Amino acid sequence: MKYAAKRIAMLLLTMVIVSLLAFVAFDLISGDPATAMLGTEATPEKVAALREQLGLDRPLLVRYGEWLLGFFTGNLGVSYSYRQPVWDLIAPKVLVTLCLSGLTFVLIVVVSIPLGLRSARSSGGVLDGARTMVNQLCMAVPPFFTGILLSWLFSTLLKWFVHGKFPSLTEDFGGAVKYLFFAALALAIPRIAMTVRMLRSTVQGEMQKDYVRTAISRGNDRGGVLYRHVLKNALVPVVTFLAQTMAEIVASSIVVEQVFAIPGLGRMLVTSISNRDYPTVQAIVVILAFWVVLAGTVADLINQRIDPRLRLGGAA
Amino acid sequence: MKKRLTAFLLLAALLCAALTGCGGGSTEQTPAEKEPSTPDAPVANEITVGIAQDLDDSLDPHKTVKAGTREVMFNVFEGLVKPTPDGDLTPAVAENYTVSEDRLTYTFTLREGVKFHNGDTVTAEDVVYSINRCAAATETGIVQVEAFSVIQNIAAADERTVTITIAEPSNEFLSYLTVAVLPSDYDKQDTAPIGTGPFKFVSRAAQDSMVLEKFDEYWGTPANLDKVTLKIIENADSLMMSLQSGAIDLCSHLTSTQVAQLGDDFNVAEGTMNLVQAMYLNNAEKPFDDVRVRQALCYAVDKQAIIDIAFDGYGSPIGSSMYPAFGKYFDDSLTNYYTKDVDKAKALLADAGYPNGFEMTITVPSNYKPHMDTAEVLVQQLAEIGVKATIQPIEWESWVSDVYVGRQFQSTVVGVDASTMTARALLERFTSTYGKNFINYNSADYDALFQQVLSSSDDAEQTSLYKQMEQNLTENAANVYIQDLADLVAVRKGLEGVTFYPIYVLDLATIRYAK
């Protein structure tokens, strides 16, 4: 219980720090919301007047305090660009990005764990060499490029999906997931390759250990030992890695969403930054920070279940 | 252990099935919309238009600042008068108007039964409200129409008559009455706009799409299409793929390279962007405060070469702050006032005290590829006269605050457009005291000419004065003028009716399926 409370406090603190950093960073870069809103209609007088109307002429900390207060009372403010409540604006996008990340994560886990275990068991030989090469290639090619290739292959050539016609998640969930699948694939490929390699090396390292030799000498078959004992020990670093992956998926989805014309959070973040749309940027930054910290926390909890030794540190 | 693996895979498969399965259920709720259009089925009378930039702006036409947003909202709003493709004005919400003998009083009679998209009838009160709103700009974010400062009195004489009295005669006043007429008792224009145009606004999803539908009670020639979806695709590769996949039927402002990749499904319509693309020089900054240096740069540049290299030959060279679509104001003799002459350029530089050239930076908004490409070629051409130029890419918002408002730059490559269909919109900005004179151009002659324009009442005389202003800009090499960019529009075969205007708009009402 105490552990959980500590975790939640950490989560909140991280979010506050991240949002403060974003606020300060925003203040340092050139360009401000008033000029962005006025565009080429901007004159120094108009900009000054609008800044005053928006309250941007007040000190940084006052503005931040106001935002923080709003945040904790569930008011994320109104977007400067769209003149629409931020939450209405980003809620559908959070859903899309969540689905995309979820789907990518499922793909990574479903493909890489069996594949990693298989490749750990059969080492050496020509096949293994070829596998290593494919693995390297998958890791080296960035998702946006894979994304362009996949779009070309599955949309332009095979016509499995219509690029640029992303159906609404709430109206046509199946169609949307089908569309997202290809983007998820582009995101998952390098991560799958990394996870496979990681799992393979940890499992192989673990297989060298004494307890494995003992277990086998006691008459257990190799496969049984692998799944019953080795996997448990090998999984701890993999789960930690997957948690990082979860955070990184969101980061790379910014690019992949662009390639597939998916209206997700990533694109929203990029353009709201260039529009100097503070309220929107703040909201997205906090959501992403929450996401990253949450992934880390979940990974810790899972690892503690897998390996009870880890519980001694915090939970006791 | 095989069993474990199988179980694992089975679980994964189940999970996927569950994900897509529950989707299947919800699809059935909207079966009508999801019908793929097979050749036999009647084609829905709707199209999807690709747009390369987000409509992240207020949709209130009096607050909209982005050209891209105005471009599409042209279909939703109208003023008392509206522009025609030829560059004239035609009565819209007004049925006709009369101008008094002293040219100070305008009387507009509204068309009978013009409806707003919410069903209300347009009244003279709405017109007065709309014009006052732009004139005063007291509400947050309203873009003040400075030309309305001459209005002395505006009143609704009766339900259908509006009279406007202005302080001094003006040939251009009418063109500002294209400002949208909005209902006076409605406050959600920002996000759910209501106008009188041939299309009504249905919805907008940020960075995704905007939906417009035909307005059935439109007073004039109705739109041909029932529904238009504007699909926002900012990534260039993605845009091309969406064109090829069939998701998009029409897309303007493509580059020549993109057009070459289109394939057989599309026709290409070519118009002009109606921009004055130039390397704008900060006339107050050394060394550009010396007219000889500016002229040297003009002699160093080969416009046609830029168009050929960076734009595959699409584009119209220009020689002053005016583009060809403006017809009577455009003076083609200025286009080739400076022809490339390296020796002359070097001589001018030597004369100005820079025999070995100098270093300069060209600030370019990096999101505009045509301007970046142009700058690349410029760097090469300037190198020939010993001027070492470096490109400084900058974000658009920073460009606005640092270059346009702050005037902290040496030179910049951008395109300047006209917000209304008047020569004034392009030329007033270079008068020395004007707020948007971002190049700090300062010529007493130029200012005097503009004062003459303002006091002149004769259209021919005004036109001649505007041409003299253009000539003044060219002779003093205010900027290195380059071209009016070509506007290449991809149109899916079977669609027709793309109409070009001398201002930056996309008229969707004329687009139709060929019978």
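1. Two residues are in contact if their C-beta atoms, placed from the backbone, lie within 7 Å. The model under review is a predicted one. Between its chains, the contact involves 55 residues of chain B and 54 residues of chain A.

2. On the side of chain B that touches chain A, helix H1 (2-27), helix H5 (236-245) and helix H11 of chain B each supply at least two residues. H1(B) gives the largest share of that side, with 13 residues. By class, the side of chain B that touches chain A holds 20 nonpolar, 20 polar and 15 charged residues.

3. Confidence should be read alongside these counts. For the complex, the predictor gives an ipTM of 0.76 and a pTM of 0.79. Chain B has a mean pLDDT of 87, with 92% of its residues at 70 or more. Over residues 1-41 of chain B, however, pLDDT stays under 50, and the model has 28 contacts beyond four places in sequence for this stretch. H1(B), which spans residues 2-27, supplies 13 residues to the side of chain B that touches chain A.

4. The domain assignment of chain B lists domain 1 (46-53 + 197-271 + 487-513), domain 2 (78-178) and domain 3 (276-484). Taken over C-alpha atoms, the centres of domain 1 and domain 2 of chain B are separated by 30 Å. Ten residues from domain 1 of chain B and nine residues from domain 2 of chain B make up the contact between them. Where domain 1 of chain B touches domain 2 of chain B, its side has six nonpolar, two polar and two charged residues.

5. Chain B contains an open sheet of six strands, in the order S14-S18-S13-S17-S15-S16, with mixed pairing. Strand S14 (316-317) and strand S16 (388-394) of chain B are the edge strands, each pairing on one side only. Inside this order, strand S13 (residues 276-281) and strand S17 (residues 411-416) of chain B run antiparallel and are joined by six bridges. In S17(B), Gly415(B) is the bridge partner of Gln277(B).

6. Helix H11 (residues 396-405) of chain B packs on the sheet, where it touches strand S15 (359-365), S16 and S17 of chain B. The direction of the helix makes about 125° with that of S15(B). Just after H11(B), Arg407(B) takes a positive phi of about 55°.

7. How many of the ten residues of H11(B) are buried? Nine are, and the helix is mostly covered. Among the buried residues are Trp396(B), Trp399(B), Tyr404(B) and Val405(B), as well as Glu397(B) and Ser398(B). The buried residues of H11(B) pack against elements of both chains: helix H2 (33-38), helix H3 (44-54) and helix H11 (265-274) of chain A, together with S15, S16 and S17 of chain B.

8. A last point concerns Ala514(B), which lies in the segment after strand S21 (512-513) of chain B. Is Ala514(B) buried or exposed? Ala514(B) is exposed, because 8 other C-beta atoms lie within 10 Å, and a residue counts as exposed at 12 or fewer. Leaving aside neighbours within four places in sequence, Ala514(B) is in contact with Gly494(B) and Glu496(B). From Ala514(B) to Ile248(B) the distance is 17 Å, C-alpha to C-alpha, for a separation of 266 residues in sequence.

Conventions. Residues numbered from 1 in each chain as written. Chains lettered and ligands numbered in written order. Predicted model: local features only at pLDDT ≥ 70, side-chain atom pairs only at ≥ 80, totals over all residues. Pairing = 2+ DSSP bridges. Helix = DSSP H or I, 4+ residues; strand = E, 2+ residues; numbered from the N terminus. Axes fitted to C-alpha atoms, helices over the stretch in contact; angles between N-to-C directions. Nonpolar A, V, L, I, M, F, W, Y, C, P; charged D, E, K, R; others polar. Buried ≥ 20, exposed ≤ 12 C-beta atoms within 10 Å, placed from the backbone. Domains from an automatic or database assignment. pLDDT = per-residue confidence, 0-100.
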